[in-house]
Amino acid sequence: MKINPLILIEGKQYQNNYDVEYDIEKYQTSYLRQLSKCHVDLSYRLYGELISIDIIVSGVATLACSYTLEDVDYVFEYKDSVLFSKNEGGEDDDIIVYKGNYVDIDDYVLTLICASLPTKIVKNGVKLPSSGDGYRVLSEEEYNLEKQKDKSSPFDILIDKK
């Protein structure tokens with residue numbers, strides 16, 4: 001959805017809700033496979049040159065399991081309040097500057113979703129394998145204990161033995 005501030009009446013509260021679909025393939029994320037059933041509720045108001053927007057986005061994201069890379073459905077709902085302005089004046093990091101004649105909400109919503117999704121998710125019932133062909137899994141404590149026991153260095157071979 002695009003909001004054109006030129007047609008907004010200052011101080012008037014506007015409300016919109018809509019469903020949106022995203023083509024995730026063009027964003028090249030390694031853990032986000034698909035977004036479905038994305039619903040956006042907007043409440044926005046114009047204050048001079050600022051557009052104040054309250055966003056509630058909900059939906060289902062298909063993520064990659066951290067252990068098996070299988071698909072895992074993750075239900076989400078995020079709320080955010082944001083200010084948009086056309087002017088770049090000031091050093092306020094809380095105001096997002098938009099280019100052109102309108103504010104593209106869909107791009108911001110996708111950014112909000114991607115930033116808020118967990119990067120590690122584990123499918124129900126899946127356990128981390130303890131070892132396999134050519135590898136083994138250690139905890140950090142086990143690794144540090146093993147490292148303390150093995151004091152040899154790969155450079156020991158260079159020591160001149162007489």
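The chain carries 18 positive and 29 negative side chains, and the centres of the two sets lie 7 Å apart. Lys and Arg count as positive and Asp and Glu as negative, with His and the chain ends not counted; each charge is placed at NZ of Lys, CZ of Arg, CG of Asp or CD of Glu. The model is predicted: local features need pLDDT of at least 70, side-chain atom pairs count only at pLDDT 80 or more, and totals for chains, interfaces and linings use all residues. Residues are numbered from 1 along each chain as its sequence is written, and side-chain values use heavy atoms, leaving out hydrogens and water.

Two helices and nine strands make up the secondary structure of the chain, in the order β-β-β-β-β-β-β-α-β-β-α along the sequence. These elements are DSSP runs, H or I of at least four residues for helices and E of at least two for strands, numbered from the N terminus.

The C-alpha trace spans about 90 × 40 × 25 Å along its principal axes. The radius of gyration of the chain is 25 Å, whereas a compact globule of 162 residues would have one near 15 Å (taken over C-alpha atoms; the globule rule is 2.2 Å times the number of residues to the power 0.38). Buried residues, 28% of the 162, have under 20% relative accessible area with a 1.4 Å probe, protein chains only.

The structure holds zero disulfides, a disulfide being a pair of cysteine sulfur atoms within 2.5 Å. For Cys65, the nearest cysteine sulfur is that of Cys114, 19 Å away; Cys65 is buried, at 1% relative accessible area. The sulfur of Cys114 is too far for a bond, because the closest cysteine sulfur, in Cys38, is 9.7 Å away.

Note on methods:
Buried means under 20% relative accessible area, exposed over 50%, partly exposed in between (1.4 Å probe, protein chains only).
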